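Biologist: I would like to learn how to read the features of this fold. Please take them one at a time.

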Amino acid sequence: MRSDDSWSPGPTDLDWIESLARPLLPAFAAIEAAAAPTRIPILDRDAGRVLGALAADRRRICEVGTAIGYSTLWMALGQPPGGTIVTIDPDAARTDAARIHWRSAGVPDEQIIVINAPALEAFAGRHAAPGPFGGAPDSTGAPEPVVPGSAGPPAPRSTGAPGSAGPPGLAGAPGLAGAPGNSGALDGPFDLVFIDALKEEYGAYLDAVLPRLDPGALVVADNVLWSGRTSGARPSRSGDGTDALRAFCVRVLGDDRFIGTILPVGDGLLVAAWRP
Ligand SMILES: C[S@@+](CC[C@H](N)C(=O)[O-])C[C@H]1O[C@@H](n2cnc3c(N)ncnc32)[C@H](O)[C@@H]1O
């Protein structure tokens, strides 16, 4: 309970919290600097710190929406040795940039597997199987992974990057691709799933990951306050993602198989533990 009901945290409190943090690694600063001018929407730094703490005992993480790797890096540096992250984003130029930042932070390539495809296609097995570090198609000729909920046999391998005719992801970035070997990367089970891609698809991402969650797994989703639109504090427009985000929050927090809440950090971070 608050000692003073009339008080809410303000800028002074946030600055003080920031002043207590350990110095920011240069890779985080580099990503923040790269994201701002290009308007790539990355997680708020304070939400990143929460994500890093949540990842501390999570060995098998799945992320939907990589961008240039900011949230991935917070989780990668938080998780225990031997942990892995499978991260999905159809934008290979962004994930190539992410790999460079991860390397500069000392994250081993094999810790993070990138899948360059729209997430719902990837979860349905309709994507090029990644090499150990993602992006490159699996050249083993092994069949595509068959995953729970898949509507049928996988479609022929796509490039992973919509509209791209060449190999996915890593063209022009030699050395970022890996050898074959991660065709089942999305099979799970996962002990943390972080959702931060298309707002209209949050519910469908949840449908896809539920069969892949370990008991006790955390589902974390960014932007659920949507700058005040989800709660109605600020006006929203039809089709701006508000209704989808609201439905997602109502669904997760109303499901008694989850124990969760929304942290008013950054743009709102939903955190829910899966206790089926
Ligand atoms: C908000 S950004 C992710 C930011 C990142 N999580 C971070 O904090 O650093 C959303 C990302 O979702 C990606 N995206 C768009 N459509 C997608 C889809 N269908 N599946 C997965 N990712 C998608 C975009 O390319 C974009 O990079």
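Modeller: Strands (E, at least two residues) and helices (H or I, at least four) are DSSP runs, numbered from the N terminus. This is a predicted model: local features need pLDDT of at least 70, side-chain atom pairs count only at pLDDT 80 or more, and totals for chains, interfaces and linings use all residues. Residues are numbered from 1 along each chain as its sequence is written.

Biologist: Which residue is the bridge partner of Glu-63 in β2?

Modeller: In general, strands of a sheet pair through backbone hydrogen bonds, either parallel or antiparallel. Here two strands count as paired if DSSP finds at least two bridges between them. Glu-63 has Thr-87 as its bridge partner.

Biologist: What is the order of the strands in the open sheet?

Modeller: The seven strands follow the order β3-β2-β1-β4-β5-β7-β6, with mixed pairing. β3 (112–115) and β6 (258–263) are at the edges with a single partner strand each, so one side of each has no neighbour in the sheet.

Biologist: Which strands does helix α4 touch?

Modeller: Contact means that C-beta atoms, placed from the backbone, lie within 7 Å. Directions come from lines fitted to C-alpha atoms, for helices over the stretch in contact, with angles from 0 to 180 degrees between N-to-C directions. Helix α4 (residues 70–78) packs on the sheet against β1, β2, β3 and β4, and its direction makes about 170° with that of β2.

Biologist: Is Thr-72 buried or exposed?

Modeller: A residue is buried if 20 or more other C-beta atoms lie within 10 Å of its own, exposed if 12 or fewer, and partly exposed in between. Thr-72, which sits in helix α4, is buried, with 32 other C-beta atoms within 10 Å. Leaving aside neighbours within four places in sequence, Thr-72 is in contact with Glu-63, Thr-66, Ile-85, Thr-87, Ala-98 and Ile-112.

Biologist: How many residues does the largest nonpolar core have?

Modeller: A nonpolar core is a set of buried Ala, Val, Leu, Ile, Met, Phe, Trp, Tyr and Cys residues joined through C-beta atoms within 7 Å. The largest has 67 residues, and those with the most contacts inside it include Leu-51, Leu-192 and Val-219. Strand β5 gives the most to this core, with six residues.

Technical notes. Contact = placed C-beta atoms within 7 Å.
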